[in-house]
Amino acid sequence: MLQQGAHCITGWGQHFMGGGVFGAVANVLLLIALIILLYKFFVSRKFTSFKERDTRDSLMILDSRLAKGEITEEEYRRLRAILTGNAE
């Protein structure tokens with residue numbers, strides 16, 4: 001009786017992914033896809049330089065200040081040129 005119950009649990013796992021060679025290949029492909037997704041998620045965030053993030057954040061603040069009327073368009077253009085490296 002115990003042998004039959006153990007077989008049912010194992011049998012379900014084999015039928016879930018197809019069992020045999022197909023199941024093994026499907027499991028490997030699933031694992032590879034998971035590794036690729038995790039790699040892209042973490043590495044894409046890691047290699048964005050601090051300078052790029054700071055510049056992007058600073059430009060967003062600058063845009064906001066212009067929209068609120070805290071700075072003039074002339075000040076906006078001057079500061080944006082400095083932040084993007086296009087200063088004259």
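Just after helix α4, G85 takes a positive phi of about 85°. Helices here (H or I, at least four residues) and strands (E, at least two) are DSSP runs, numbered from the N terminus. The model is predicted: local features need pLDDT of at least 70, side-chain atom pairs count only at pLDDT 80 or more, and totals for chains, interfaces and linings use all residues. Residues are numbered from 1 along each chain as its sequence is written, and side-chain values use heavy atoms, with hydrogens and water left out.

**Overall make-up**

- The protein chain has 4 helices and 0 strands, and its pattern along the sequence reads α-α-α-α.
- Of its 88 residues, 11% count as buried; buried means under 20% relative accessible area, exposed means over 50%, and partly exposed lies in between (1.4 Å probe, protein chains only).
- The accessible surface of the protein chain is about 7900 Å², and carbon and sulfur atoms account for 65% of that surface.
- Accessible areas come from the Shrake-Rupley method with a 1.4 Å probe, and for residues only the protein chains shown count as cover.

**Confidence**

- The mean pLDDT of the protein chain is 78, with 68% of its residues at 70 or more; pLDDT is the predictor's confidence in each residue, from 0 to 100.
- Confidence is highest in helix α4 (residues 73-84), at a mean of 93, and lowest in helix α1 (residues 2-16), at 50.
- Over residues 5-9 pLDDT stays under 50, and the model has 0 contacts there beyond four places in sequence; contact means heavy atoms within 4.5 Å.
- Where pLDDT is low, the predicted coordinates should not be read in detail.

**Nonpolar patch**

- V21, V25, V28, L29, I32 and I36 form a nonpolar surface patch, with about 550 Å² of accessible area together.
- Patches are made of residues with over 30% relative accessible area and no salt bridge; like charges are joined within 9 Å, and nonpolar side chains (Val, Leu, Ile, Met, Phe, Trp, Tyr) within 5 Å.
- One of the patch residues, I32, lies in helix α2 (residues 20-46).
- I32 counts as partly exposed because its relative accessibility is 42%.

**Salt bridges**

- A salt bridge is a side-chain nitrogen of Lys or Arg within 4 Å of a carboxyl oxygen of Asp or Glu, and the count comes to 2 salt bridges.
- One of them joins the side chains of R65 and E70, at 3.4 Å from N to O.
- E70 counts as partly exposed because its relative accessibility is 46%, and R65 is partly exposed with a relative accessible area of 33%.
- Another joins R77 to E73, with the closest N and O atoms 3.2 Å apart.
- R77 and E73 both lie in helix α4, 4 residues apart, about one turn of the helix, and both are exposed.

**Helix α4 and R80**

- Helix α4 has 12 residues and reaches 16 Å from its first C-alpha to its last, close to the 16 Å expected at 1.5 Å a residue; the expected span is 1.5 Å times one less than the number of residues.
- R80 lies in helix α4 and is partly exposed, with a relative accessible area of 33%.
- Not counting residues up to four places away in sequence, R80 touches L59, L62 and D63.
- The C-alpha atoms of R80 and T55 are separated by 9.7 Å, and the two residues are 25 residues apart along the chain.
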